[in-house]
Amino acid sequence: VQLQASGGGLVQAGGSLRLSCAASEISFSIYGMAWYRQAQGKQRELVAAITSGGRTNYADSVKGRFTMSRDNAKKTVYLQMNSLRPEDTAVYYCNAVLAPYDYWGQGTQVTVSS
C-alpha cells in the first residue's frame, strides 16, 4: 500500500486546512486509517482514526476542531482541521492498518503561526 498525503501548509491561528491521503490499495475500504502527527522534538501521537465501518475517534486535544472522513470510492481519507492553534504545528502522517500490516505515508507539514 502506498499512501500520498497532501494539503499541509502555513496558516494563521484560527484558520483551517484540509489534509488528504490517497491510497493505492484497491481494497482500501477494509483498512482502518489514521492520522498521526509529530512535532519537532516530540513523539509521534495519534490525532484521529477511522474504522473500515466509518467510526471515528479523536485525540482529546483536537476533539471538536478536527474531523476525519473517508471516501472509499476515491480511496482517500481526509482530515478537516478548523480553529488551528500553534500547538497543532507538526508533520502529519497518514497510516493504514489491516492487521498484521501497517503502512505509513511520507508526511505533510502543517505550520500554524500565532
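Strands β9 and β11 pair in the antiparallel sense, over 3 bridges. Strands are DSSP runs of E with at least two residues, numbered from the N terminus. Two strands count as paired if DSSP finds at least two bridges between them. In this pairing, V91 has Q109 in β11 as its bridge partner. The structure is a predicted model: local features need pLDDT of at least 70, side-chain atom pairs count only at pLDDT 80 or more, and totals for chains, interfaces and linings use all residues. Residues are numbered from 1 along each chain as its sequence is written, and side-chain values use heavy atoms, with hydrogens and water left out.

Strand β11 spans residues 108-113. G9 stands opposite V110 of β11. The two faces of β11 can be told apart by their cover. T108, V110 and V112 make up the covered face. Q109, T111 and S113 make up the uncovered one.

A sheet of 4 strands was also found. This sheet is open, and its order is β1-β3-β8-β7. The pairing is antiparallel. β1 (3-6) and β7 (66-71) stand at the edges with a single partner strand each, so one side of each has no neighbour in the sheet. From one strand to the next, the twist averages 15 degrees. Such angles run from 0 to 180 degrees between N-to-C directions, with axes taken as lines fitted to C-alpha atoms.

Within this sheet, β8 covers residues 76-81. β8 pairs with β7 over 6 bridges, in the antiparallel sense. T67 stands opposite Q80 in β8, and F66 has M81 as its bridge partner. β7 and β8 also form a hairpin, with 4 residues between the strands. In the turn, K75 has a positive phi of about 55 degrees.

L17 stands opposite M81 in β8. β8 is mostly covered, with 5 of its 6 residues buried. Buried means under 20% relative accessible area; exposed means over 50%, and partly exposed lies in between (1.4 Å probe, protein chains only).

The next feature is a covalent link. A disulfide is a covalent bond between the sulfur atoms of two cysteines. It was assigned to cysteine sulfur atoms within 2.5 Å. The count comes to 1 disulfide. This bond joins C21 to C94, with an S to S distance of 2.1 Å. C21 lies in strand β3 and C94 in strand β9 (residues 90-98). The two cysteines are 73 residues apart, and the pair links distant parts of the chain. The torsion about the S-S bond is about -85 degrees, so the disulfide is left-handed. C21 has 0% relative accessibility and therefore counts as buried. C94 also has 0% relative accessibility and counts as buried.

Two arginines place a charge over a ring (NZ of Lys or CZ of Arg within 6 Å of the ring centre and within 35 degrees of the ring normal). The charged end of R44 sits over the ring of Y93, 3.8 Å from its centre. The charged end of R70 sits over the ring of F28, at 4.7 Å from the ring centre.
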